[in-house]
Amino acid sequence: QVQLVESGGGLVQAGGSLRLSCAASGNTFSINTMGWYRQAPGKQRELVAVITSGEDTNYADSVKGRFTISRDNAKNTVYLQMSSLKPEDTAVYYCNTKTDVGLGFHLDSWGQGTQVTVSL
């Protein structure tokens, strides 16, 4: 079982920056991929960025060049640096980890979510 605690959300003007953090605890030694998803009102949850244990990254097209994901394995923490924020980035941002449980399967863990609001 992995517990995730997010921080760093808030209200920012368009063009501004925010940094999200997500600290993992519990069964962290088997965590493989860490990532961020977001869900805007009335929309489905979507992938924002993920980073593997080998630090390969993948980003949604809508955030490429503006957002940077990173992880500190010593602290079991994943970060999302968001720059040049746009009103359409407004959403609840969720941290996610995928823990290897063997036989090619993984277990998903989710944080409670942190609100990011970008105003004009």
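The side chains of D108 and K98 meet in a salt bridge, 2.6 Å from N to O. (A salt bridge here is a side-chain nitrogen of Lys or Arg within 4 Å of a carboxyl oxygen of Asp or Glu.) This pair ties together distant parts of the chain: D108 sits in strand 10 (residues 105-110) and K98 in strand 9, 10 residues apart. Strands are DSSP runs (E, at least two residues) numbered from the N terminus.

A quick note on the model: it's predicted, so local features need pLDDT of at least 70 and side-chain atom pairs pLDDT 80 or more, while totals for chains, interfaces and linings use all residues. Residues are numbered from 1 along each chain as its sequence is written, and side-chain values use heavy atoms, leaving out hydrogens and water.

The structure holds five salt bridges, including these:

| Pair | N to O distance |
|---|---|
| D108 and K98 | 2.6 Å |
| D89 and R38 | 3.0 Å |
| K64 and D61 | 3.1 Å |

How does burial look for these residues? Buried means under 20% relative accessible area, exposed over 50%, and partly exposed in between (1.4 Å probe, protein chains only). D89 and R38 are both buried. D61, at 65%, is exposed, K64 is partly exposed at 48%, and D108 is partly exposed at 33%.

Now for the largest nonpolar core, which has 28 residues; W36, L80, M82 and Y93 touch the most other members. Such a core is a set of buried Ala, Val, Leu, Ile, Met, Phe, Trp, Tyr and Cys residues joined through side-chain atoms within 4.5 Å. Strand 3 gives the largest share, four residues.
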